[in-house]
Amino acid sequence: APVAAATAAAEAPAVAEAPVAAATVATEALAAAEEPAAASAEGGEAAPAVPPPVAFIMPPPPAVPVFIEEEDASNDKRAKLKETIGFNIVDTTLNVMPGSPNMLMTLNEGALQYLLAGARANVGMKKGRYVFEIKIIEFLNQIEPSGQNRGPLPKSLLRIGVSTGGSFPLLGDTEESIAFDSEGNLICNRKRDPVSQKFGPGCTIACLVNMDENSIHANTISLFRDGVRIAKPQPLPDFLKGKVLYPTVTFKGMTVHMNFGPEPCTPLPFKCKTLQEAANADVEVVTWKAPKDGKYDVLFPVCLPDEGTFEWLDFFLASNPQYTELSDRKLFDWAMRSGLWRPKNNRSSNDRPDMNLGIPQLDDGSVKSLLAIAAASQRRPMIIMEVKGNLTKKDRIDMVKNFRVPHFRKVAWVMVGDPDDKFKVHTVERALQDKQAAAMAAFEARKVEKARQKQFREQQRKLEIAKKRAERIRQLAEEKAAKAAEDSAKGLETAEDVEMKEGEGEGAAAEKAPEPAAQAEVKEDEIPDEEMEVDEEPEEVEEEPPKVVLTDDEKHDWFRKSTPVPDIVPSTMSATFSTFTFPDKDEGFDQLDYKWKNAAESEAYLRQWTLERKVTTRIEDLQPSDYFREKLQKWQKDLQGWHSKHMEFKDPAKRAALFSAKRASVAKASEEARLKKEVAAKGKKKDSEAKKDDKEAEAEAMKALEEELERQEIDVFGVEDINDIAHGEPLFFNFAYEDWTLLGLRFELHLLCHSFKNDCNDKDRTAFAPEHLGFYYTKYFKKSLISRNFSQEKIEDLLDMVKDTIAQVGKVIEPQITDDLETNDVFVKLTEESRRERQRRIDSGDESAKLQFVVVAQASQQPALGASAKSKSVSQHPGVYPGVPNMGMTGGKGFDKGCGKMVMPKIQRPVFASKAQFVPPGSDGGWGDGGGGGGGGGYQQKGYGKSSGKGKKGKSGGGYNSKGGSYW
């Protein structure tokens, strides 16, 4: 039987037209094979264990669709197109140079060979089926210079297709176009599909666009090569259906010729009309009329940075598409759409985007000059958008020179202040659209999140029902099992047991009797549904889409930005904004218009804008002058003298000597007073009385001395000599590390404010904003101003600590002390007064008055650090003033006992070299009374300079020769 079944299955028809019959025959054969085995089992005979056969049925091959070619075009008696199809100059890119009728060439020098060229025809298709052709005339092979990045491949490229009117004539990278390329791809919206064959020079390429709704290939685009189809009809995207589509070509590295008819160069397999034979009702013609006076406008918009510049430009071009934009922004976008690549996609500014393409002519902007020269030879309206360039006189003159030809009219539009009503309405509409879009995005995100949470809760509800059901089944099974066990114990028999005893006897029943627990089966219908019910969530009210409205501030924000990218980078802005001016006719302009404000109001607005920027913009190229260096040098000399005096007075032996000298001076004064008194008394008193008077005078003098020594409070600002307020004691005797640090900070900020005013030499810029304090501090003092080192979180809190020296007045920082000081004593007095006030607060229990500054070694700010110099010093205080890096100059004196640093360049060379080599010497660390090392010297012939300090003054170590060492 199995053999017969298999034979029957093999003999089943296997033709593709009868797959059902073959399957039926195989099924009947298998059923016939199973019948004898079943009959043997019923008769009690042992049937052989033969496995059932397996029938392999080959599936029918998939039906290959038969391609139906386009039908021949019917005779159309409608009025035909009269206009000759060609290219309007305004619908071509700047690097396209039209030749003979419909011959297109491209510029190929100065990196222009990397930019795609594009041209769009002046007639578009609304419906019907029409064809147009293109032929490659020549390839332009440009040799790439060495030392630069390679351009995108292939070097020569052709795309042919259609695009919508008003779009940029580069095919394939937006939703406004679709095209075939010479590499065999269909490109639309940056998506590539390999649907055709490649093509090159020496052949005629025909592109057929079918927009005939009655055709089987309606809304498709096809490609033919020399009359042979190389791409089947490809459907047009939905976003292009129903729109007017214009024949467009995009190319580079070649010269091409377009043929729109009336006769095709190569006939197609079917009759098809060329676009030139189209009916008037099926096409739309774009006309471009030259100005009556023959002069084309070249507009120079003059706008202030970040005040509606490029937003206005986009608004203007939307309503005036005939203007061609020439700007770095447009050039950058053009390069990206041409396939060029750069490592980082950071647009530093809108006015001058950071190209970073690895092609010098594109990176330095010289290709824009070539495009300006090319534009001057074409008769088209232009708009030159350069924010900084149009505000700078020299740049304006240089750009205007390119258009000094008879067919151009140079027009400058000054637009500052409040914009006109049209732009205001546009800005409000854009703001409302953006706000509505943001609200809808948030609304959709909430809907998705709610749906996710609802689905999660539903899953949890079902899981809870399943748990309850399982628990209820377990309980019922246990109840049945318990009842069965109870019945078995009482000797009761179930109906099933009786039947088993009657049919098979007592023994079979005993063998097959299951355990009571195994008999406890629970059916689904035994569980009431109401027990499994779980409270369902109430239906949520669906949230309606939001409708936003603008606030009053939003309605009056005319210069809102769509991106956070500034128009001009801050460094360029700070260096050039003070030179911004409005154009004059003597610069070469034929017309000068003030669009938003009149000339006087615009000038006043520019002056006010400039003053505000002088406060809020920092000067990147500001350099310290001789005024700053002289003041700083004098301060360093005074500071070292104060440190020396401070160290001397802290020495107990020296202090005792000072006190002894003072006592001797007081004793001498008392002796002179006694002698004067004796002469006045004329010898009337006795010798005993004279001795008594001497003792009393001496006691009074000593008492006065003790009272003077114990005196704690003095008028700080009444002190004439801060180095000796009494008995040689300096005013700064009680200064700690924090006081010395604040003393230095007071003077540095005072000097910074006055040096800024002096070095700017600008009457309108006499101070700077608090947010620029750190920048100028680093530029002048070559170190960072870190508020955390002063136990403060913000710079504002740090300024509050020295508000007696500098203070914030309005938006700027102003010095509180004049710059015509004869001495620097006032900073010591201010620091001492602040220290006493702080001590009084501490004595009264105010723990917040205590200062805990971070001790930062000055040498840590040097370029390279060596090991610490050998010294017996135990102090952790560094020198006050570090040595000058790489100049071998000494550092400042230490506070206590010096803790010098050895600083030398890190170089990977052997200690002994055969040839003379020189490395700039290192710098010294601090030095103090206990000695402290100076910096290591340079590297020349013998090796490194010595670094350990010697002597009380901690003189720096010298190198092995005069050039290698530092000096003190």
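## A charge over a ring

A charge sits over a ring if NZ of Lys or CZ of Arg is within 6 Å of the ring centre and within 35 degrees of the ring normal. Here is one case from this predicted model: the charged end of Arg618 is placed over the ring of Phe775, at 4.1 Å from its centre. Lys595 gives another case, lying over the face of Trp413 at 4.2 Å from the ring centre.

Before we go on, two notes on how to read the report. Residues are numbered from 1 along each chain as its sequence is written. Because the model is predicted, local features need pLDDT of at least 70 and side-chain atom pairs count only at pLDDT 80 or more, while totals for chains, interfaces and linings use all residues; side-chain values use heavy atoms, with hydrogens and water left out.

Let's look at the strands next. Strands (E, at least two residues) and helices (H or I, at least four) are DSSP runs, numbered from the N terminus. Two strands pair if DSSP finds at least two bridges between them. In general, strands of a sheet pair through backbone hydrogen bonds, either parallel or antiparallel.

Five strands make up an open sheet with parallel pairing, in the order β18-β19-β17-β20-β21. At its edges are β18 (324-326) and β21, each of which pairs on one side only. On average, neighbouring strands are turned by 25 degrees against each other, direction ignored (axes are lines fitted to C-alpha atoms, for helices over the stretch in contact, and angles run from 0 to 180 degrees between N-to-C directions). Strand β20 (residues 408-414) pairs with β21 in the parallel sense over four bridges, and Trp413 stands opposite Asp593 in β21.

## Aromatic pairs

How many aromatic pairs does a search of the whole structure find? There are 34. Rings of Phe, Tyr and Trp (its six-membered ring) pair if their centres lie within 6.5 Å; planes under 30 degrees apart count as stacked, over 60 as edge-to-face and the rest as tilted. The rings of Phe559 and Trp596 are stacked, because their centres are 6.4 Å apart and their planes are at 20 degrees. Phe559 is in the loop between α12 (552-555) and α13 (570-576), and Trp596 is in the loop between β21 (591-594) and α14 (599-616), so the pair ties together parts 37 residues apart in sequence. Trp596 has 12% relative accessibility and counts as buried (buried means under 20% relative accessible area, exposed over 50%, partly exposed in between, with a 1.4 Å probe and protein chains only).

Phe649 and Phe733 form an edge-to-face pair, because their ring centres are 5.0 Å apart and their planes are at 85 degrees. This pair links distant parts of the chain, 84 residues apart: Phe649 is in helix α15 (residues 626-650), and Phe733 is in the loop between α17 (687-710) and α18 (737-760). Phe649 is buried at 4%, whereas Phe733 is partly exposed at 21%. One aromatic cluster includes Trp635, Trp642 and Phe827.

## Backbone details in loops

Pro262 lies in the loop between β15 (254-259) and β16 (283-285). The peptide bond from Gly261 to Pro262 is cis, with omega near 10 degrees.

Which residue has a positive phi of about 60 degrees although it is not a glycine? That is Asp306, found in the loop between β17 (296-302) and α3 (309-319). Asp306 is partly exposed, with a relative accessible area of 30%. Asn761, also not a glycine, has a positive phi near 55 degrees. Asn761 lies in the loop between α18 and α19 (773-781) and is exposed at 69% relative accessibility.
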